Amino acid sequence: MPLNNNDIFKKLRVAHKLRDDDIVKILELVDFKVSKSELGAFFRNEEHPKYMECGDQILRNFLNGLIVHLRGPMPKKEPQKPKSPVKK
């Protein structure tokens, strides 16, 4: 049976030992707001009445936030100077 976004989210949560507060902060790093109750719905059993499917956008934002959380923000790129023609 293939993994869905909820399964991947759960596995990442366990692997990185993250609590709901940590996940909310990680998502805030990429300007994505989510409540603890929404997170709880993603981690519930599929048969639970309050279960909610984790969409691609939420998982993508979490992964991007996790990168920032673990590595820090990307350094700003300096504009490259145009190369001068080689004189002979």
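Trainee: Is Asp-31 buried or exposed?
Mentor: This is a predicted model, so local features need pLDDT of at least 70 and side-chain atom pairs count only at pLDDT 80 or more, while totals for chains, interfaces and linings use all residues. Residues are numbered from 1 along each chain as its sequence is written, and side-chain values use heavy atoms, with hydrogens and water left out. Buried means under 20% relative accessible area, exposed over 50%, and partly exposed in between (1.4 Å probe, protein chains only). Asp-31 has 68% relative accessibility, so call it exposed.

Trainee: Where is Asp-31 found, and what is its phi near?
Mentor: Helices here are DSSP runs (H or I, at least four residues), numbered from the N terminus. Asp-31 sits in the loop between α2 and α3. Asp-31 isn't a glycine, yet its phi is positive, near 55°.

Trainee: What about Lys-17: what is its relative accessible area?
Mentor: Look in the loop between α1 and α2 for Lys-17. Lys-17 is another residue that isn't a glycine but has a positive phi, about 50°. It's exposed, with a relative accessible area of 73%.

Trainee: Now inside: which residues touch the most other members of the largest nonpolar core?
Mentor: A nonpolar core is a set of buried Ala, Val, Leu, Ile, Met, Phe, Trp, Tyr and Cys residues joined through side-chain atoms within 4.5 Å. In soluble globular proteins, nonpolar side chains tend to be buried together. The largest core here has 17 residues, and the ones touching the most other members are Phe-9, Ile-23, Leu-39 and Phe-62.

Trainee: Which residues does Asn-5 contact, leaving aside neighbours within four places in sequence?
Mentor: Asn-5 is in helix α1 and counts as buried at 16% relative accessibility. With contact meaning heavy atoms within 4.5 Å, its partners are Cys-54, Gly-55, Asp-56 and Leu-59.

Methods:
Helix = DSSP H or I, 4+ residues; strand = E, 2+ residues; numbered from the N terminus.
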